[in-house]
Each structure stands twice: as structure tokens, then as C-alpha cells.
Amino acid sequence: MDFEYILWTLVSCTFFMGLVAWISYQKTKGAVDTKDGYFLAGRGLTGVFIAGSMVLTNLSAEQMIGLNGSAYGFNMSSMAWEVTAGVATIVMALVFLPKYLSGAFSTLPEFLSNRFDEGVRRMTVVLFMVGYGLITIPSILYSGSIAVLQLFDVPALLNLNYSSSLVVTIIAVGLIGSIYAVFGGLKAVAVSDTINGIGLLIIGIVVPLFGFAALGDGSVSDGIAHVLNNHTEKLNAIGSPTDPTPFGTLFTGMLFANLFYWGTNQYVIQRTLGAQNLAEGQKGVLLSGYFKLLVPFMMMLPGVIAFHLYGGELQSIDLAFPTLVKDVLPVYMSGFFLAVLLGAVFSSFNSLLNSAATLFVLDVYSPALKRPATDQHLIKVAKIASVVIAVFSFIVSPLLQYAPEGLFQIIRIFTGFYNIPIIAIVIVGLFTKRVPPIAAKLVIILHIIVYALLKFVIDVDINFIHIYGILFVAEVGLMLLIGHYAPLASPWHYHPHSKVDMTPWAYAIPAAITLFAGIILIYITFSPLGLVDGGSPLYLPLVATVVVAAALLCRLSLRRWSQAYRKALHWNEDG
């Protein structure tokens, strides 16, 4: 690789990352000296920062590489994980978030302790900590390091073999990423995420444009025409049973997997728990849902373009995006791209690190103390915990290269051990009053046993997303049965004691309706009704019907539903 190219890339990357770090430092000076300041950004995050941080926490190298690789090797069916997340953000914004903020909770296990007991709290903390420590944090580091290796040929640069280069890259990426989380707390993470989010948006627009230009011999419009008229099956988001994401899974386990991720996963919802008020929290959550609608265009179209440029020549589908970037992106943008890529990796890594430390300090260490601890002491313990977790992840991450099932399969399998029981427990906890703690504990234990049997012993021939749905229904049913036959002696009562203004955003429901309409429109467009196989004469009438229906529902919501929703929230707030 050309030395000047590498030098320019590293220098410009360092400049952009240094700029982000400086802005984050200026925005957080003196803001992380208290417990709420470190863990919840002083409960002062606005909608833009919440949205930017939630999106960058979610989107990392594994999405950049994996989604484009899926589009290159298969079709657009895997966009389901991203686009349908909008439904989960709607539920989070309108239902879960008001409950979390009115109770002034710092962590999800704290809410579960309030609803059930300390035993349920400890069990969920163990699930989160094991999942974060063994799988999620190491996989973020590993996938980010793989992306850097593929894009910039680190082994040749350092004259090391692949495994040694991977270890060096993991440590370098991890150390830099740890600095934000360990020394800056949540607000530094949120500020840096938002700035990197702007960079990701720019890259997401620029890479497809340069790709279309390369495909069209310098003409973007010719490149677009080529994609729209050749191999249009690549644009199909309606997955068949043999595709990576069958369409039917949207209506079973995927709904609950996304609801877990966007409504109960600590390292994602921690941004919303730090909201300035309910309105800003709702703006941030719904805005992140709108951003997810752009993912097919930003993180899957480049894979389709790569297919048209390279055919099936690439050694691995995961090489589609890095190869396209290397071939079409101008040299002067290489450092900016690396900064954005690493920013996305750092975001997911340090968000997980900050949340893992939060769970340990607020749900394990602090309750175990026999005496009250000062905020400064808790922050010090959190920083030590972050360092320990980071070092542990440096050790585990390189081992993932030896996993025969592959990185993404491992993430899917092991996330299944804790996502469904947690979302089942939260939903039952929110909407029932007599289901006892033993029901939640039994569900957690049984889920781990049954899921392990289905995945490792019996190995049933059912898509794992459908298994999510089946287990969710079974576990909710079991909890309700226990609540019916062995209910709490006295019903649980929700006791609001919010620390922020709980007035909802006036346009929350219209924004939710428009977001849902956007999801439907994207699926109509990337289907045989739209861009696939010449489309259908029904396409424009269907689009018009969805737009008109959304407009009418928005008008109705502003006149009636929003007012009723506001009254319902205040009624709950008043007990």
C-alpha cells in the first residue's frame, strides 16, 4: 500500500478524531463530578444528543461490513433488523420511557427491583454483565479491528502476521475507545457520538454516490439506472425462507428482539434515562427511529453496487464494503472515513463499557455496601470497573477469530440467552400488578435451559428468530399463569417520583405515525411492488394510500389522541 496514502490517512484521521475529543471535552468540563453527571449526563441530554448517541451505539463496523456483505451476497432482506427497529422505538418513546423517567430509574435492573425484588435485579445484572463481557464488547472490538485490517492492510503496515496485527489493533482501538467512557462518563460518550453521527451520515451519502459514479463511468445517474435495470432481485427486501432474514420473522421473534434492544437493553436506553425531560427523550428516541430508515440506503446499497462492480469475484462477502471504499473513495477522504469508522466502533465499545460499569456500581457494588457512599467514590469504582472490563475484553476479543461458527452467528446465538426473558419480564412487570418475583426468576432459569437445548442439543430446524417468538409467548404465558394461581398477597403499585418534567412531546404521536408509514413505504419500494422485476402498476396508488392515511391519522392525533395521551400520562404520574 502506498506510503503517502497511509500517512495522509493516519494524519487526517488523527486530526478528525482529535477534534471530536476536544469538542467532547469542552462540552463535559465539570459535568461528570456527580453520580448523575457521570452515569446519566446530569439528566440533561437533549433530543439531538440522545438520537445521535443511540444510533452510533447501535451502528458499528459489524453493520457497515455485515449489512453490505449481506446485500452483496444475497439481497436487501437483512434491512429488516434496522428498518423495523422503528416500531420498537415507537413503543419505547410512548410506553416504556414515561415509566422509566417518572420512576427516576438509573438502570433497568433498578426498575425490576422496584417491580419484583432484589433477586430479579441481581439475576438480570448477571445476564447483562455476562453477555456484555463475553460476547458483545469483545465482538464490537473484534469486528471493528477486522474492518481496520481489511481497509488499511495493517499486517503489511506493521510487518506482522494476521493474528499479531489483530491483537495490536484490538488493543489500540480498545484503549482509545476506553478513554471517552472511563474519564468522560455518559455525556462525553453522547457528545462524541453525535459528532461522529454527522460524519457517518456524510459517509453514508458519499460512498453510494461515488459507487454509482464508478458504475456509470463517471455518471451518477447512469450508475443508478444500471442498478435499477439489472439484477433487481438484489433490491428485494421480502426475504424468502432461504434468505438471511425471512419476511415472516418480522411478525414473530424480530419484534421482540428489537423491543428488547431499543426498550430494555441498558447500554442503549441509558441515553434516554439521562434525558432533560420526557419531551426531549421522546424526540431523541423517535429521531433515532427515523435515522434507521436511512440504513438501507447508507449501509446496503453500497453492497448492491459492489455486486454490480465485482460480480462474484470477491473472496468473501464481507469484503464488499471495504473493497468498494478503497476503490471509489478519493484519497483526501480516506482519513475522514477511517475516523468515522473508528468513531462508530468506539461509540459501541465505550457505550457498552460505560453501561457495564453503571450496572456494576449501581446494581451490584452500591447495594452491597453497608454504608452510604459519596458520588466521588462511586465514580472512582466505576472507572476501575471500566478498566477491568476493558482489559478482559482485550483478552477475549482475539479468541473470536477461532470460532468456527463465525462472529455474527455467535452474537445471534448468545444474545438469545438473555434478550427474550428480559423483554418478557419487563412487559409483564409494566402491565400487571400481581405477578410475583418467583415467576420472573423461573422464566430466566427455564429460558436458559430450554434455549440451550434447542440450539446445542436438539438443534431444531426452525429459524432462530421464530424461536425467539415462540419462547416469548411461552414465557409471558407462564408468568401470567403463576400470577393467576400464586399472586402477590397485595398488588404492586407504581410510585412515580420523577426528577424531570414529564410533559410529553406535543408531536410524539404524529411523529410515530409518520415513522410507521415510512417503514411501510420502504418495504413497498424494495419489493416486487416497487423496484424489483420492473415493479407493479399498484406501486404509486399504494404509496399515495399510505401517505394520505398517515396524514389523516396525524391530523386526528393532533386533535384528539395527543390530548388523551397527555392526560393519561399525568393520571399515571399522579398515581
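**View 1. F464 counts as buried, since its relative accessibility is 12%.** Here, buried means under 20% relative accessible area, exposed means over 50%, and partly exposed is what lies in between, using a 1.4 Å probe and protein chains only. You're looking at a predicted model, in which local features need pLDDT of at least 70 and side-chain atom pairs count only at pLDDT 80 or more, while totals for chains, interfaces and linings use all residues. Residues are numbered from 1 along each chain as its sequence is written, and side-chain values use heavy atoms, with hydrogens and water left out. The structure has 18 aromatic pairs, where rings of Phe, Tyr and Trp (its six-membered ring) pair if their centres lie within 6.5 Å, and planes under 30 degrees apart count as stacked, over 60 as edge-to-face and the rest as tilted. W81 and F464 make a stacked pair, because their ring centres are 6.4 Å apart and their planes sit at 15°. This pair ties together distant parts of the chain: W81 belongs to helix α5 (residues 80-83) and F464 to helix α23 (residues 464-485), 383 residues apart. W81, at 25% relative accessibility, is partly exposed. Elsewhere, F128, Y132, F260 and Y418 gather into one aromatic cluster.

**View 2. The whole chain has 25 helices and 0 strands.** Helices (H or I, at least four residues) and strands (E, at least two) are DSSP runs, numbered from the N terminus. Of the 575 residues in the chain, 58% are buried. Among contacts with a separation of 6 or more, 85% come from residues 24 or more positions apart; a contact means heavy atoms within 4.5 Å. For a covered helix, look at α13 (residues 266-273), where 8 of its 8 residues are buried. They include Y267, V268, I269 and R271.

**View 3. Here helix α6 meets helix α14.** Two packed helices are described by the angle between their axes and the distance between the axes. The axes of α6 (residues 85-102) and α14 (residues 278-292) come within 8 Å and cross at roughly 165°. That makes the two helices roughly antiparallel. Axes are lines fitted to C-alpha atoms, for helices over the stretch in contact, and angles run from 0 to 180 degrees between N-to-C directions. Angles under 35 degrees count as roughly parallel, over 145 as roughly antiparallel, 65 to 115 as roughly perpendicular and the rest as oblique. The crossing of α6 and α14 is right-handed; that term applies if the near helix is turned clockwise from the far one by less than a right angle, and left-handed if anticlockwise. Among the residues that meet are A85, T89 and L97 from α6, with L278, V285 and K292 from α14. The contact residues split into 11 nonpolar, 6 polar and 1 charged. Ala, Val, Leu, Ile, Met, Phe, Trp, Tyr, Cys and Pro count as nonpolar, Asp, Glu, Lys and Arg as charged, and the others, Gly among them, as polar.

**View 4. Helix α7 packs against helix α21.** The axes of α7 and α21 (residues 419-431) lie 11 Å apart at an angle of about 45°, so the two helices are oblique to each other. Their crossing is left-handed. L108, F111, L112 and R115 in α7 touch I422, I425, V426, V428, G429 and L430 in α21. That contact divides into 8 nonpolar, 1 polar and 1 charged. Also in α7 (residues 108-115) is S113, which is buried at 15% relative accessibility. Setting aside neighbours within four places in sequence, S113 contacts E118 and R121.

**View 5. I146 sits in helix α8 (residues 118-152).** With 14% relative accessibility, I146 is buried. Apart from neighbours within four places in sequence, I146 contacts Y162 and L166. The C-alpha atoms of I146 and I170 are 8.8 Å apart, across 24 residues of chain.

View 6. N159 isn't a glycine, yet its phi is positive, at about 55°. This residue is exposed, with a relative accessible area of 69%. D217 lies in the loop between α10 and α11 (220-229). Its phi is near 55°, again positive in a residue other than glycine, and D217 is exposed at 76% relative accessibility.

**View 7. R555 is part of helix α25 (residues 539-573).** R555 is exposed, at 54% relative accessible area. C-alpha to C-alpha, R555 and P510 are 7.8 Å apart in space and 45 residues apart in sequence.
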